[in-house]
Amino acid sequence: MIPAVSQSFGLQRTWAYRYFVLSSIATELRLRVVGSRLGLVWLIISPLLQVAMYALILSTVMRSRLPGVDNRFAYAIYLLAGFLAWYPFTEIVTRCVTLFLDNANALKKIAFPRTVLPLIVLGSAAFNNLVMIAVTAIAFLLMGHVPSLQVLWLPVLLIANLALASGLGLCCGVLNVFIRDVGQLVQIGLQFGFWLTPIVYVIDIIPASYRWVIGLNPMFWVLDNYHRVLVYDQPPDLAKLAAVAVLAILLLLLGRFMLRRSQAEMMDTL
């Protein structure tokens with residue numbers, strides 16, 4: 001039973017619910033397995049099928065556009081690295097947008113800091129991404145691609161990516177309580193964002209005069225570093241990594257402020 005506490009957004013209150021967060025994550029993962037013969041395999045089937053589809057359709061076109069990668073599976077490797085960054089980002093943002101609406105009954109009946117809800121989403125997405133990292137590592141080995149020691153940067157990139165998604169998702173989730181159109185706009189934005197991010201193509205195919213548009217996309221900063229570390233065996237671009245970190249912190253602080261200021265109104269609206 002969750003002890004009754006104030007609705008404070010303080011980190012101390014949130015820390016007091018760490019076991020609730022962990023048990024909720026475990027329950028969510030367990031529910032995915034119950035009644036399923038494949039269990040957690042479903043976590044990787046969809047992204048792998050999507051990677052396979054793009055690889056089969058576009059690999060011939062893109063094969064000559066990956067300089068520095070001496071591997072006949074170069075495009076598939078490039079795709080896997082890109083989706084490894086994109087999937088946790090979209091999962092967190094998509095789930096956070098409707099997070100408070102989906103948990104309206106719990107928020108009304110149980111006293112707990114609202115910050116634990118994004119943490120549950122974050123924990124679940126992080127676990128899913130760890131599974132994908134393991135599968136990607138196996139796929140890389142099967143395709144004869146062994147990343148260099150630059151791969152040690154991957155945990156840093158993962159944390160920055162998850163923080164960016166959490167900050168954006170939290171802000172959109174609060175707004176969606178009061179303006180329900182936000183949820184639809186986010187879905188449209190993610191669809192455009194997918195094609196404005198070099199996941200299934202390399203930025204070199206974009207005319208030089210238009211590349212600045214791609215450069216304004218924060219997910220390009222994330223994807224570029226994933227590709228550097230996992231595909232090209234290069235160190236990350238520290239300027240882009242710092243920009244992602246700063247933007248993530250600003251969004252998290254903004255989401256915290258929005259959630260804190262809207263607590264009373266949120267309960268009335270829900």
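Helices (H or I, at least four residues) and strands (E, at least two) are DSSP runs, numbered from the N terminus. The model is predicted, so local features need pLDDT of at least 70 and side-chain atom pairs count only at pLDDT 80 or more, while totals for chains, interfaces and linings use all residues. Residues are numbered from 1 along each chain as its sequence is written, and side-chain values use heavy atoms, with hydrogens and water left out.

**Exercise 1.** Determine what span helix α8 should have at 1.5 Å a residue, and how far apart its end C-alpha atoms are.

*Solution.* Step 1: the expected span of a helix is 1.5 Å times one less than its number of residues. Step 2: α8 comprises 25 residues, 154–178, and should therefore span 36 Å. Step 3: its end C-alpha atoms are 37 Å apart, which agrees. Step 4: as to cover, 18 of the 25 residues of α8 are buried (under 20% relative accessible area; exposed is over 50%, partly exposed in between; 1.4 Å probe, protein chains only).

**Exercise 2.** State in which helix L185 is found, and whether L185 is buried or exposed.

*Solution.* Step 1: L185 belongs to helix α9. Step 2: its relative accessible area is 58%, so L185 is exposed.

**Exercise 3.** Classify the aromatic pairs W86–F89 and W86–F194.

*Solution.* Step 1: rings of Phe, Tyr and Trp (its six-membered ring) pair if their centres lie within 6.5 Å; planes under 30 degrees apart count as stacked, over 60 as edge-to-face and the rest as tilted. Step 2: the whole structure holds 5 aromatic pairs. In one of them, W86 and F89 are 5.8 Å apart centre to centre with 35° between the planes, a tilted pair. Step 3: both residues lie in helix α4 (residues 74–97), 3 residues apart, about one turn of the helix. Step 4: W86 and F194 form an edge-to-face pair, 5.9 Å centre to centre and 65° between the planes. Step 5: W86 lies in α4 and F194 in α9, so this pair ties together parts 108 residues apart in sequence.
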